[in-house]
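Please look over the sequence and the model first.

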Amino acid sequence: MRTTAIIIGAGHAGLAMSRCLTDHAIDHVVFEQSEVANSWKTERWDSLQLLTPNWMSRLPGYGYEGDDPDGYRTMPETIAFLERYAALSAAPVQTHTTVTSVRRCDAGYAVATDQGNWCCRAVVLASGACNIASVPAFAEAVPSTVATLTAMQYRNPSQLEEGGVLVVGASASGTQIADEIHRSGRPVTLSVGEHVRAPRVYRGRDIQWWMDVAGIFDTRYDEIENLARARRLPSIQLLGSAARRTLDLNALTDIGVTLIGRFAGIRDGQAQFSGSLHNMCTLADLKMDRLLDTIDAWADTHGLDHEVDPPHRFDPTRVEVSPPLGIDLRSGAIRTILWATGYRPDYSWLDVPVLDPRGCVRHDGGVVASPGMYIIGLPVLRCRRSTFIDGASNDAHYLSAHLASYLDNGRSMWGRACQGLSNSDRVVDWHSDRRVCYADPLM
Ligand SMILES: Cc1cc2nc3c(=O)[nH]c(=O)nc-3n(C[C@H](O)[C@H](O)[C@H](O)COP(=O)(O)OP(=O)(O)OC[C@H]3O[C@@H](n4cnc5c(N)ncnc54)[C@H](O)[C@@H]3O)c2cc1C
C-alpha cells in the first residue's frame, strides 16, 4: 500500500501534525499501536492532573473550550480532549496498528506494520518521548524482599504493600507520587537529585502564565547555549490541583516525607546515597530565585507591577545538615522502591541510521538527518514550549510546511532548515517582542 506521508503515533503531537498535513492537502495515514491518547490511557497514575493549565493546550485549529481555563485537566479530561480533536480533525488514524520497522527505499520509506506493509515519501516520528521508564542499572541489585515499580506502572497507593516506600527522583512525577503515597499512610523517603523548583502561583498568577507571557517558553532551540542539557532538564516540581497547591520539598517535609540524597548504588543490600542533598537544594533554590527575578524584571518593564501582587521570595529548602548516606534494604524499613527517574523513547523499530550514541534521533529542530523524515513531540524540539502539549501547534505548522516543501522540491532540506519556506511558514515567534534576554532562568 502507498501513501504520501506516514505519521507514527496518535498522541497530541501526531494528531497536530495530521491536522497540518490535511491543511496542506497531503495524503497521509496515522498508525497507532493502540488507541488515540494511548499514553494518557495506559501509562499514567489515576490521580494525575496536568501541570499545565487548561488554556495551555493550543493545538492547530483547536484549544480549550470549557469554562475553567485556569484549571488542570484530569486524565479522563485529557483523553476526551484528544479524542475530540481526532474526531473533529477527521484524522486518518489506523488504530491497533504497530509499526515494526521503518527503512529507506527508492521511493522514500518502507514502513512495516503488524497489519501490512506500506511505502511513502515522508515519515513523521510522533511516537512519544516517554515510552520506557529510565531506571538505573543498579536497580537489579535491589533485594527480592523489596518490591519495585516505576512511575509508568504506578496507579495508586493501594497497589503497594503497607510499610515504607522509597521514591527515587524528585521531579514532577516523583514529588506528586511521594505526596500521594505518604498521605496514604505509608512513610515515604524521597531520594533527591537535580531538580527544578518553582511555586505554583507567583504574585497571584500561575507560574506557567508568567513563563508564557514573559516569553520564556518561546526561547528557540537554536538560541539555547547548552541545548543537550536543556533537553534533559528535569520537569518542574509542579502539581495540578484545584487548590493550586505548591508541591516543593518543603511542602513534602511539612507532611512528614524524609528527604535523602541522590540514590548512587547498592552494595550488599545497602542502598547508598550521595551527600549532595544540601547542594542540590541550594542550587534549585538559586535557580528558582533567578526565574522569579526574570519574571519581576519583565513585570516591571511591561508596567504590570500594579496589576499583580508584590514580588516575594520563598523560604530556602530545609534539609538535614547530615542526611543518612545509607539505608539497609534488608531491614524491612523499605517495602517498596518506586523509580521516578525519568523516561526515554523507544526507537527499536527504526531501521534508519539516525540515532546518536545515546539512542536519540539526530535532528535539527524536528528535521531528521534523513531526507523526508521528521520528528515531533520531544522536549525543546523547536523551543521550550515544545516540551508541552501547547508546543505542538507551532512545531507542526513549521514541520508540515517543511515537509510540503520537501515533497515539492523532491530533495533533502536537512541542514537548510528554512530554505524554500516563506516567512509565514517559519516558526511563529508569538512573543518575540516580549522575549526576555536575561541569564537563562531555567538552567
Ligand atoms: C507523567 C507525565 C506527565 C506529563 N504532564 C504534562 C502536562 O501536564 N502538560 C503537558 O503539556 N505535557 C505533559 N507531559 C508531556 C507530554 O505532553 C507527554 O509526554 C505527551 O504524551 C507526549 O505526546 P506525544 O504525542 O509526543 O507522545 P505520546 O502521547 O506518547 O503518543 C505517542 C503515541 O505513539 C504510539 N506509538 C509508539 N510507538 C509506536 C509504534 N511503533 N507504532 C505505532 N504507534 C506507536 C503510542 O501508543 C502513543 O499513543 C507529561 C508527560 C508525562 C510522562
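A crossing is called left-handed if the near helix is turned anticlockwise from the far one by less than a right angle, and right-handed if clockwise. Helices (H or I, at least four residues) are DSSP runs numbered from the N terminus. This is a predicted model, in which local features need pLDDT of at least 70 and side-chain atom pairs count only at pLDDT 80 or more, while totals for chains, interfaces and linings use all residues. Residues are numbered from 1 along each chain as its sequence is written, and side-chain values use heavy atoms, with hydrogens and water left out.

- The axes of helix 1 and helix 3 (residues 75–88), being lines fitted to C-alpha atoms over the stretch in contact, with angles from 0 to 180 degrees between N-to-C directions, come within 10 Å and cross at roughly 20°.
- Helix 1 and helix 3 are therefore roughly parallel, the word for angles under 35 degrees, and their crossing is left-handed.
- Helix 1 and helix 9 (residues 392–409) have axes that come within 9 Å and cross at roughly 45°, which makes helix 1 oblique to helix 9, and this crossing is right-handed.

**The shell around the ligand**

- The ligand is surrounded by 31 residues, the closest being E32, S39, L51, T52 and I389, where a residue counts if one of its heavy atoms lies within 4 Å.
- Helix 1 (12–23) and helix 2 (38–42) each supply at least two residues of this shell, and helix 2 gives the largest share, 3 residues.

**Polar contacts and burial**

- In polar contacts (pairs of N or O atoms within 3.5 Å), a polar side-chain atom of E32 lies 2.6 Å from a ligand oxygen atom, and a side-chain N or O atom of T52 lies 2.7 Å from a ligand nitrogen atom.
- Taken alone the ligand exposes 980 Å², of which the protein buries 92%, with areas from the Shrake-Rupley method and a 1.4 Å probe.

How values were computed: A polar contact is a pair of N or O atoms within 3.5 Å; within protein, one must be able to donate a hydrogen and the other to accept it, and residues adjacent in sequence count only if both atoms are side-chain atoms. Angles under 35 degrees count as roughly parallel, over 145 as roughly antiparallel, 65 to 115 as roughly perpendicular and the rest as oblique.
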